[in-house]
Amino acid sequence: MRPAAAATIESVIYLDHAATSPLRPEAREAMLPFLDGHFGNPSGLYSLGRQAQAAVDTARATVAECLGARPTEVLFTSGGTESINAAMLGIAYAMRRAGAGNHIITTAIEHHAGLHVAQHLEELGFEVTQLGCDGSGRISIEEFRRALRPGTVLASVMLANNEVGTVQPIAAVSGVLREFAGQASHRVLLHTDAVQAPAWLPIDVEELGVDALSLSSHKFGGPKGSGVLYLRRSTPFMPLLHGGGQEMQKRAGTENVAGIAGAAAALEASTRGLGERQRTVRELRDRLRDGILERVPGSQVNGCQVNCVPNNLNISFDGVESDVLVRLLDERGIAVSSGSACSNSTWEPSHVLMAMGVPIRRAVGSIRFSLGEETTGGDIAQVLDVLPGEVAAARAESALPV
Ligand SMILES: Cc1ncc(COP(=O)(O)O)c(C=O)c1O
């Protein structure tokens, strides 16, 4: 068995990019000066501080450019979870304070960050409508339209799902909200969790028609502990963090300058060559999928392979407990995930697969393969060589009916 300490991106076939991704060289290079001599606090009025502030300003302009936004609409946060919390709570509180209402629409397939914020809002007296999805993991626009009512203040619908990769029709959702705005006394604000999108989908806030959008830097080759919140100008918002006046009074606290510089450099690099990256990774993903379906009896794809990010493949293996297979593959130097990595410590059948109507016996044997830019044809061939034997071993160990 490989000792955990020796595992690196070079020694492991890493197929868990939806959990986190290796730092891009561009991000590392952008960060280094601020981990070193350029350590100033951006609030400092002397040159060390001004240098740091200039780096934050440049990063903000870069991120804005990548998203089709204005620099003043970009806030830096500590990651996807904070961005989602700030967007949903900040907008919901502000709208309720303005007397606009207290009804929120969200979906059953959000990442726990969105799911649990909605539950928290419910505990605070908000009314929450949770939309279901079809067997491919997509919500229905008609159902969304029917959920709207006079007191609706916020809709939060993720862009790309982290477990099965399904992409939601966000532009169509915002189209429905524009129609609805004609009949209502106030705008319904739209937030999207776009954490799984960069490097795999184009992101343009105008085309999506969103008021708020959340990103997490480590999902696209930036550092951990660094995120982005796009907040459209004039969006009603109550800050989550109170303190200094950083981030245009919307997110107090000394800026993580290195993390911000790294996030911006990574987002810019992820945006470049998108079409080519999509094609290459989709071809590898399809090769992996077809090879598994051909070589491993009792395997089935979960989710959609059309309206989805190109790097995600979620497959159930009958009679397998996914944690057992993850361990056996790890022993062969292959890193994959059972469902969502973020929920691994408290294992239960994935809420996403349950919402899609996947039977429990299949959901417990689901594995997520998420490819990255450095994944090669050789990696896929090796996984296809190893997998049939390890699935058989996992079946023997799992003692579930096949
Ligand atoms: C879709 C989605 N949203 C939000 C998050 C939370 O991001 P972070 O853990 O970086 O805060 C994740 C992380 O897996 C995710 O996949």
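How many bridges join strand β6 to strand β7, and in which sense do the two strands run? Strand β6 (residues 189-193) and strand β7 (residues 212-216) are joined by 3 bridges and run parallel. One of the residue pairs is D193, whose bridge partner in β7 is S214. Strands here are DSSP runs of E with at least two residues; helices are runs of H or I with at least four residues; both are numbered from the N terminus. Two strands count as paired if DSSP finds at least two bridges between them.

This is a predicted model, in which local features need pLDDT of at least 70 and side-chain atom pairs count only at pLDDT 80 or more, while totals for chains, interfaces and linings use all residues. Residues are numbered from 1 along each chain as its sequence is written.

Now step back to the sheet that holds β6 and β7. It is open and has 7 strands, in the order β2-β8-β7-β6-β5-β3-β4. The pairing is mixed. Strands β2 (74-77) and β4 (127-131) stand at the edges. Each has a single partner strand, so one side of each is left without a neighbour in the sheet. Neighbouring strands are turned by 20° against each other on average, direction ignored. Axes for such angles are lines fitted to C-alpha atoms, for helices over the stretch in contact, and angles run from 0 to 180 degrees between N-to-C directions.

Helix α3 (residues 80-97) packs on this sheet. It touches β2, β3 (103-107), β5 (152-156), β6, β7 and β8 (227-231). Contact means that the C-beta atoms of two residues, placed from the backbone, lie within 7 Å. The direction of α3 makes about 160° with that of β7.

Does the length of α3 agree or disagree with its residue count? At 1.5 Å a residue, its 18 residues should span 26 Å, and the end C-alpha atoms are 25 Å apart, which agrees. The expected span is 1.5 Å times one less than the number of residues. The helix is mostly covered, with 14 of its 18 residues buried. A residue is buried if 20 or more other C-beta atoms lie within 10 Å of its own, exposed if 12 or fewer, and partly exposed in between, with C-beta atoms placed from the backbone. Just after α3, G99 takes a positive phi of about 80°.

Helix α3 also matters for reading the ligand site. It supplies 3 residues, the largest share of the shell around the ligand. There are 14 residues around the ligand, and G80, T81, H111, N162 and S216 come nearest. A residue is near a molecule or strand if its C-beta atom, placed from the backbone, lies within 6 Å of it. The shell divides into 5 nonpolar, 8 polar and 1 charged. Nonpolar covers Ala, Val, Leu, Ile, Met, Phe, Trp, Tyr, Cys and Pro; charged covers Asp, Glu, Lys and Arg; the others, Gly among them, are polar.

With 18 C-beta neighbours inside 10 Å, V128 counts as partly exposed. Leaving out residues up to four places away in sequence, V128 touches I104, T106, A118, L121 and E122. V128 and A118 are 10 residues apart in sequence and 6.9 Å apart in space, C-alpha to C-alpha.

A further sheet is open, with 3 strands in the order β9-β10-β12 and antiparallel pairing. Strands β9 (299-302) and β12 (366-370) stand at the edges, each with a single partner strand, so one side of each is left without a neighbour in the sheet. The twist averages 30° from one strand to the next.

Strand β10 (residues 312-317) pairs with β12 over 5 bridges. I315 stands opposite I367, and L313 has F369 as its bridge partner. On the other flank, β9 and β10 pair over 4 bridges, with Q300 opposite S316. In β10, 6 of the 6 residues are buried, so the strand is largely enclosed by the rest of the structure. N312, N314 and S316 point one way, and L313, I315 and F317 the other way.

Two backbone details remain. Most residues other than glycine have a negative phi. A199, not a glycine, has a positive phi of about 80°. It is found in the loop between β6 and α7 (205-208) and, with 27 C-beta neighbours inside 10 Å, counts as buried. E247, in helix α8 (residues 246-249), has a positive phi near 50°. E247 is buried too, with 20 other C-beta atoms within 10 Å.
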